[in-house]
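These are my notebook entries on one structure. I record what I looked up, entry by entry.

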Amino acid sequence: MAKTHETKTVLVVEDEADVRYFASRVLELEGYRVLQAKDSNEGLRLARESQVALVLLDLRLPGRGGWSMLAQMKTEPALSAIAVIMFTASAGVSQRERALSMGAADYLVKPLSAATLNRAVASVLGGKG
Amino acid sequence: MKGDDKTKEQLINKVEILPPMVHIQGKPVLQGIFGDITERRKADEALGESEEFSSSLLSYSPNPTLVINPDTSIRYVNPALENLTSFASAELIGRKAPYPWWPEERLDKATRDFGRAIRKGAEGIEELFQKKNGERFWVEITSTPVRHNGRFKYYLANWVDITQRKQAEERLQELGEELRRMFESVTDGITVTDLGGIITYVNKRVVEMHGFGSKDEVLGKSIFDLIARGDYERAEANMRKTLEEEAVTGIEYTLVRAEGSEFPCELSASVLKGASNNSVGFITVTRDITERKRALEYEELNRLKSDLLSTVSHELRTPLATIKGYSTMLVDYDRRLGHEEKRECLQSIDKATDRLTELVDHLLDMSRLDAGLLKMERKPTGISRLVREAVAEAKLRAPRHKIVLKVRKGLPRVNIDAKRVRQVLDNLIDNSIKYSEEGSSVVVCGDRVGSELHISVADQGIGISAENLLRVFERMYRIGQRLTQGMGGLGLGLSICKGLVEAHGGHIWMESEEGKGSKCSFTLPIETRKAGMRGKDA
């Protein structure tokens, strides 16, 4: 578990406290800088304020959901380059396709292990150099 | 016998042919006439002059006109009659009934009508006659017997050619028949009523739809006899609206069949106009939508099932995410995690397991309630103690809420499945906690009202809108809302509570005001006569 990503910031947008803590802690242990948001408004604010490399985004969120935040990010020039990994308990082929077509880099279905989460994030960020 | 031959002949003709002329005051006229020939001649001469004058007038009349002698022989026809019938005057003069314009097949009727007209006159008699070439035409006949000195002298008939009008009427009648056939063959019910709602016409479909034996069973009934009682007020309001707006469409009603069963229908109604454009009644078109409703219900059921599946999947995956995530994290990063953090992870796993268990229990309860397989283990139970215990544990679960207990002393024991009633109470208390701020109060009351126990849980939370209030006990009602409220769970809790309370013979209801809080209450019947139910609850 070498610390090879010191400079990269990951934003975790997730309303379930335990799941948010799990994802954040694993990514921290992997050496990323991690920001946390409970909903999409807070998520968008953090994405605009900080140099975020990747957003781990839950689909079902209170208020404006994850779909809305993804669409917003892809239309906002300052945010459109940020990689987004959907992170959801809704398993469905059509939802996955929809997310990818909207510009998401990956679609992770809960539950998932620390290693799977880690690999997916590393793969997306590694691919971007 | 001073009269000339012509006069004699005429007189004799009259006497011979027209029996009514034969007797005057019981005596044969023949004698009288012969005896009074001088007077007759004078009269005839005068008549001859006036007749010449009259016939010249008649010849200008645009309407066919004819004069007939008492012996039925034709005395005169005008040119208009010649034109219409194509018979020349010369062919007709002197001809007696039956006349050549009487069609063969209508001889009887023509003879009857003619006899009556000769005696009494006629006004507006309609007859179908024929031309010389056989072509038919309709005339309206006005006729008068003309008397002179009280004697029947001749008979004047005036025709109006009404062929075109009759043809138009026939076309209308044919059209009417065609419309009636069309009404009979449409697949919607058509009902015509007067303004008071009395049925004056129904098509075949109405008879079938309502299961009547024949149209006669429906005609004369009130339209309200076809409508379910529950829809009377709406029907009255819609009749008024139809009169104001001329038509209403797409209204759903519940109608009744002859044998009393009900069925859903879509209805359109419009005002029936009379000849002078006045409102004379209503035309109502009805369509049985039983099948359409069934299809919609089936669709709704499918949608609910699919929603349930995706929600169940989501709700199961969320605690699983915690369990899987934390356990793999504990294994993978064992050495880098502190003791306290590991403990917290394990506690979260424990909590997620409880949540999963609850979900599974809810799903099972729901299935059992649906299938009628829920087993009640009823025992006489002290309700005060049950409520006290529930509140004590809720205080541990929600230490930041003020949970207040208000239970009347001396409540009787009731025959209940204590575990299930406790489940209802816990669910209501947890709902109140979930939807209200920390620091606010949740009041749990137990009371006796008549032969029932009333238990209620009231909070100062966000409340429920009036529109949602009616639906909170519907299964998964909250699912539609959950995305905006961000609350987890299946939305099965209240639906299960309702099932459990009803299985005990009680009922459950919710009162609420948005922004002020909600109060959910349920009753349990007190069965005082049952064995083991005696004694008071401590």
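Which residue in β4(B) does Leu66(B) stand opposite? I looked this up in the model, which is a predicted one, and found Val77(B) opposite Leu66(B).

**Entry 1: the sheet with β3 and β4, chain B**

Strand β3 of chain B, residues 65–68, is joined to β4(B) by 3 bridges, and the two strands pair in the antiparallel sense. Both belong to an open sheet of 5 strands in chain B, for which I noted the order β4-β3-β7-β6-β5 and antiparallel pairing. At its edges I found β4 (74–77) and β5 (122–130) of chain B, each of which pairs on one side only.

Helix α7 of chain B, residues 163–185, lies across β5, β6 (136–148) and β7 (151–161) of chain B. I recorded about 130° for the angle at which α7(B) runs to β6(B).

**Entry 2: the sheet with β8 to β12, chain B**

I read a further open sheet of 5 strands in chain B, with the order β9-β8-β12-β11-β10 and antiparallel pairing. Strands β9 (199–202) and β10 (247–256) of chain B each have a single partner strand, so one side of each lacks a neighbour in the sheet. From one strand to the next, the twist averages 30°.

I checked one pair in detail. Strand β8 (residues 189–194) and strand β12 (residues 279–288) of chain B run antiparallel and are joined by 6 bridges. For Thr191(B), I found Thr284(B) as the bridge partner in β12(B).

Two helices were noted here. Helix α9 of chain B, residues 232–245, lies across β10, β11 (262–273) and β12 of chain B, and runs at about 160° to β10(B). Helix α10 of chain B, residues 290–332, packs on the sheet and touches β10, β11 and β12 of chain B. The direction of α10(B) makes about 130° with that of β11(B).

**Entry 3: Ser456(B) and the cysteines**

I located Ser456(B) in strand β17 of chain B, residues 452–459. Ser456(B) has a relative accessibility of 7% and therefore counts as buried. Leaving out residues up to four places away in sequence, I listed its contacts as Val443(B), Val444(B), Cys445(B), Lys519(B), Cys520(B) and Ser521(B).

Cys265(B) has 0% relative accessibility and counts as buried. Cys345(B) is buried too, at a relative accessible area of 2%.

**Entry 4: chain A**

I counted 5 helices and 5 strands in chain A. Along the sequence, I read their pattern as β-α-β-α-β-α-β-α-β-α. Of the 129 residues in chain A, 55% are buried. Taking contacts in chain A between residues at least 6 apart in sequence, I noted that 63% join residues at least 24 apart.

Helices α2 (residues 40–49) and α3 (residues 66–75) of chain A pack at an angle of about 25°, and their axes are 10 Å apart. The pair α2(A) and α3(A) is therefore roughly parallel. The crossing of α2(A) past α3(A) is right-handed. At this contact, Ser40(A), Gly43(A), Leu44(A) and Arg48(A) of α2(A) meet Met69(A), Gln72(A) and Met73(A) of α3(A).

Conventions: Residues are numbered from 1 along each chain as its sequence is written. Chains are lettered from A and ligands numbered from 1 in the order in which they are written. This is a predicted model: local features need pLDDT of at least 70, side-chain atom pairs count only at pLDDT 80 or more; totals for chains, interfaces and linings use all residues. Side-chain values use heavy atoms; hydrogens and water are left out. Two strands pair if DSSP finds at least two bridges between them. Helices (H or I, at least four residues) and strands (E, at least two) are DSSP runs, numbered from the N terminus. Axes are lines fitted to C-alpha atoms, for helices over the stretch in contact, and angles run from 0 to 180 degrees between N-to-C directions. Contact means heavy atoms within 4.5 Å. Buried means under 20% relative accessible area, exposed over 50%, partly exposed in between (1.4 Å probe, protein chains only). Angles under 35 degrees count as roughly parallel, over 145 as roughly antiparallel, 65 to 115 as roughly perpendicular and the rest as oblique. A crossing is left-handed if the near helix is turned anticlockwise from the far one by less than a right angle, and right-handed if clockwise.
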